[in-house]
Amino acid sequence: MTTGKSSQSGRLWRASPLTYVALIIAALLSLYPFYYMFIIATRALDAINSTPPPFTPGSAFFANFGRVLTKPDVNFWLGLRNSVVVCTVITVSVVLTSTLAGFAFAKLRFRGRNALLLTILMTMMIPTQLGLIPLWGMMLDLGWYDNLAAVIVPFLTSAFGVFMMRQYTASAVSDELIEAARVDGCTTLRIYWNVVLPAVLPAAAVLGLLTFMAQWNDFLWPRAILTPEHPTLQVSLGFISYGYYTDYSMVFAATAVGTLPLILVFVAFGRQIIGGIMEGAVKA
Amino acid sequence: MSLSVKTPPVPPARVQPPGRPRRAATRGAWLNRLDLKGSPYLYIAPFFLVFGAFGAYPMLRTIYMSFNKWDLVNERTQGHTFIGLKNYVDLIHAPYFWNAVQNTFGIFVVATVPQLAMALFLANLLNRGLRARTFLRMTVLVPNVTSVAAVAIVFGTLFQRDFGVINWVLHFFGVSPVDWHAYKWSQWTAIATMVDWRWTGYNTLILLAGMQAIPKDLYESATIDGAGQWRQFWSVTMPMLRPTFLFVTVTSIVGGLQLFTEPVIFNNGYNVLGGTRREAQTLTMYMWENSLDNTNKAGYGAAVAVALFLMIIILALGNYLLVRRTAK
């Protein structure tokens, strides 16, 4: 970065070739572990022992992934299905409750509004693991041990989501528009549904993507409360890596299949996700 | 607030349904007021209900549990006994607790310092007129969308002693194969690498967002004053970036001290001891060992949770004061 060039008169510094070299090295370091994962997943087991390490894909992917499915204790498909169910339910709920609460905080006036918003902000700073042990006991009492409800219900709302949607609604929906709808005789719920929700859809979509990805990747709590008999995908992966760690090709095939959906989502919506993260950072 | 005090609104964006039946004026007004005054509470209620039941209540209960002898499984039949500060006294005298403190902070420092330096460096590079801007931003962020479990599985193999890619690369520099599982420093390094691989890009984008919010005319006047790029970075970018940098460091502290998945999976996935001699057992793993794995020790585990919470608060506050003080 200290190329000695003085900055340009334009809005941004011009990038020197060295900038590109550094960024390309960073990109390669970011991508190589993915590449390595797909290489090992498509190769026979002996590939892992070879030096130099293999750099080209093989053709054994289906054989490797087939072995994942023959292990009844791994429950890979069930884990995948459970993850889809859990993430979908949570994402829909978080988007609805966050946009609704965000609308209330941004556009409706009520007693205690600022104090309640501040409370939500503060809950974002509390480490989640503080409540882990009693929560586990609660699930036992509720009969939710090894039950998907245990990994769904506590996450149906999100402080981050409420705050993000409040910020976005405040700037994206004009007060005049809401006044107008109200004069028309719309109830607040109708205003939410017909005026606010369409206007905040871009941010709501980003919130949905971020929520889905975070839930898809969660490991600690599902691992605490679910067993390999009724796992989410990550619990299933953790169990494979523990029980079959000598069969690298198989473990990597399972890992690749579990990672692929998120990579596809990211490739499709990366621009929006990056926009959401960066916008949130400036507003926070 | 009432509608009448508002200035006349702009023409309605949505056309009023023509055949809408008019309610009796008083009843309509009453319903309208109820809607305006009451509905906001209804709309924010879901968050407070869920958070109250599954967030706030367990957190307060953790504090209560930490003063009791508590059996997580048999609590309902046997109840619990108040033992005052005994759990905390035991904690202070437990070598494994201090081992976990050491590991947690060790990994945190080994991971966070280079991570923030790299993130600043990359953000500064990305904050230029670049070709393929979105592509480059996506490549630095893509590690963050991978599951921690997958990252730990892949890096566990990269760090293998006999055929791992890391040792293969190191042998070009004359380093003989390292048994990454065998020592504290090597476990910390391997785990910190996973953490950094996953989080550097994320922090880069947050810092980049902060950099882009800095008014451009500050740089223009610095250029007129003859300040070079390096000088501008230290005299303009860094001071202006302070709020963002504070945000990044605080989230790193809150997240980093709760580290769990990487060391668990790096050490064979299904136990929380963090290696044969607990080389990488973090505080969260130690808490888990003393609650979910040994359910009759849950009161002690709760004390570990409270201790971890206090450490996070103290560190985050200290960091806040430090960053604020360097401002002057």
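1. Let's start with the fold of chain A, which runs along its sequence as β-α-α-α-α-α-α-α-α-α-α-α-α. That makes twelve helices and one strand, where helices (H or I, at least four residues) and strands (E, at least two) are DSSP runs numbered from the N terminus. The radius of gyration of chain A is 24 Å, well over the 19 Å from the globule rule for 284 residues, so chain A is more spread out than a compact globule. This radius is taken over C-alpha atoms, and the rule is 2.2 Å times the number of residues to the power 0.38.

2. A word on the model: it is predicted, local features need pLDDT of at least 70, side-chain atom pairs count only at pLDDT 80 or more, and totals for chains, interfaces and linings use all residues. Residues are numbered from 1 along each chain as its sequence is written, while chains are lettered from A and ligands numbered from 1 in the order in which they are written.

3. Next, the domains of chain A. The assignment, which is automatic or from a database, gives domain 1 (17-59) and domain 2 (75-246 + 261-283). Their centres, taken over C-alpha atoms, are 33 Å apart.

4. How much of chain A is buried? Of its 284 residues, 45% count as buried, meaning that 20 or more other C-beta atoms, placed from the backbone, lie within 10 Å of the residue's own.

5. Now for chain B, with 14 helices and three strands. Its radius of gyration is 27 Å, whereas a compact globule of 328 residues would have one near 20 Å. Buried residues make up 43% of the 328 residues in chain B.

Terms used. A residue is buried if 20 or more other C-beta atoms lie within 10 Å of its own, exposed if 12 or fewer, and partly exposed in between; C-beta atoms are placed from the backbone.
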